[in-house]
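Please open the model in your viewer and keep the selection panel at hand. The stops below go from whole chains to single residues.

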Amino acid sequence: MARMATNRRVAISTVGAWLAGFLIFFPILWMVLTSFKTELEAFAIPPSFLFFHWTTENYATVQERSDYIHHALNSIIIAGGSTLIALLIAIPAAWSMAFSPTKRTKDVLLWMLSTKMMPPVGVLVPIYLIWRDFGLLDSLTGLVIILCLGNLPIVIWMLFTYFKEIPKDILEAARMDGATIGRELIYVLTPMAIPGLASTLLLNLILAWNEAFWTLNLSTLNAAPLTVFIASYSSPEGLFWAKLSAASTLAIAPILVLGWFSQRQLVRGLTFGAVK
Amino acid sequence: MGQITLQDVQKSFGPVHIIKGANLDISDGSFVVFVGPSGCGKTTLLRLIAGLEDVTGGSILIDGKNVVDVPPAKRGLSMVFQSYALYPHMSVRGNIAFGLKMAGLPKAEINRKVEAAAATLNLTPYLDRKPRELSGGQRQRVAIGRAIVREPKAFLFDEPLSNLDAALRVQMRLEVTRLQKQLATTAIYVTHDQVEAMTMADKIVVLNAGRIEQYGTPLELYEKPANLFVAGFIGSPKMNFVNGAAAAKYGAATIGVRPEHLRIARDGEGWPGKIAVAEHLGSDTFLYVDAGALGTLTARHVGELDLSAGDDIVLSPDPSRIHRFDKDGNALRS
């Protein structure tokens, strides 16, 4: 009896979990489906789920009207560049906070995190003016800098938690072995923190790839990444649902594939330190 | 050379004084053990010598040169940690070679030295394994290999055997002692295990609450403990302490008698009592005796003794082996 009750409970939670998963995934699925519809069918009420006239003409139009490759390359440069620079700054920062903390370390960490609590629009005007005066508007450099700064607190926090898990003894052993701080970072700490570094890198890549506020406001064409490419399909001339969906599908495809292949690393990274 | 001298070394963490002025002279090639209860400051003192902590006051001389401002790597010491602290991402070879690599030695020389160290420690078959593929004893050997390969002025051991099981601990104890004698390098060894201290040390430093209570050879500590703390800490089972009239008879506030220096008899002169627990180990018999006003006394007899709980016996101390202490707990010498 008890086993049957357990089985039923397992069945119910399995169905529940699948349902929840489907609900969360549904908008993405709907977007992909819509991208294969004609504009007319995309608006149709009631909407057709699978039985519609499948077409790839939206993709062709999108590529024709706006240069996907140009925007995708910009996205790669901006997301990759800002992530790498953030890591280069965050590794030593997190190292010093994890291994030689002072009385104020916790406050510094909280203060950094608090900058993420402020709505970005609050500093849009000053940042815009600074970027204009330094000639950084619509430049890859400008976007790399702003996204790097924006994500730095999170990167430092994540690395700080990973580094905290590394036994201090090992670093002291390296010090006794004659390693300078730089060599200790390169030969001992970084290789040991590779799982943590990898998940921080992935998460930051995704955050930077999807970042829309600064990329939309600080770029127009030259430096415009995929977020701008998508936004260009919701125009004053009217909404083109099918084309917008096709553009969105193209924009999220690379990061979706990356996420799919690294999901184990991501989950491990996000739960790292929660359970030993 | 590895002569280490501590002159009034002090260490405080904020308002807490961990080391309250340590003076010590460790001669070249000797094996010195720091022993004491947990929290007595023995590990801190070792880390001060290593340079992993900065002193608050005093000086540390290595071969006559004050090193308090010298970084750990430049002091010419190497350390074996309690947790082994091996580099998990490097092979055994990489672990042992790391220090030499940092020193910028040529590759061929590094290889030669690593292989020699591995041969000394029976690690040759494991050179290409990662630490996680080794047993506790092997990991400990790698940690020791990493220390010896640099040919340091002195080895620092921080409770290196406490993570091993009892049998392995005894074996490694012998190996470490033998290796130290073979290399004739100064060694400072921290432990809370007084048996380890007694068996390995040329000289023992007994620490208590940040103070050096006594510094001497194992037998000096056993035979002439400077005070009640050392008397109680060194020796197993613990020394019996008796106060009051029985002590006053010997002109002391407290007298101490080691369990092995109590004569056990059925009757006669001495301290009468009733056996509470009798432990028969074959080689030894330990008796825990309820001696009325004197409290519980422990007596040790070498060999088997036909006595059991409940028996009435008389314990008489060997008069030449009585330790006398004044009311402050310091030893009285006649």
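Begin with chain A, where the C-alpha centres of domain 1 and domain 2 lie 35 Å apart. To colour them, select 2-57 of chain A for domain 1 and 66-232 of chain A for domain 2, with bounds that come from an automatic or database domain assignment. Before going further, note that this is a predicted model, in which local features need pLDDT of at least 70 and side-chain atom pairs count only at pLDDT 80 or more, whereas totals for chains, interfaces and linings use all residues. Residues are numbered from 1 along each chain as its sequence is written, and chains are lettered from A and ligands numbered from 1 in the order in which they are written.

Next, select chain B, for which the assignment gives domain 1 as 4-230 and domain 2 as 237-325; the centres of these two domains of chain B, taken over C-alpha atoms, are separated by 38 Å.

Now show both chains and turn to their contact, to which chain B gives 16 residues and chain A gives 14 residues (two residues are in contact if their C-beta atoms, placed from the backbone, lie within 7 Å). On the side of chain B that touches chain A, strand 6 (77-80) and helix 2 (92-102) each supply at least two residues, and the largest share, 3 residues, comes from helix 2 of chain B. Helices (H or I, at least four residues) and strands (E, at least two) are DSSP runs, numbered from the N terminus.

The last stop is an open sheet of 3 strands in chain B, with the order 11-12-18 and antiparallel pairing, where two strands pair if DSSP finds at least two bridges between them. Select strand 11 (240-243) and strand 18 (323-325) of chain B: each stands at an edge with a single partner strand, so one side of each is left without a neighbour in the sheet. Finally, show the side chains of strand 11 of chain B, whose covered face holds B:Asn240 and B:Val242 and whose uncovered face holds B:Phe241 and B:Asn243.

Technical notes:
Buried ≥ 20, exposed ≤ 12 C-beta atoms within 10 Å, placed from the backbone.
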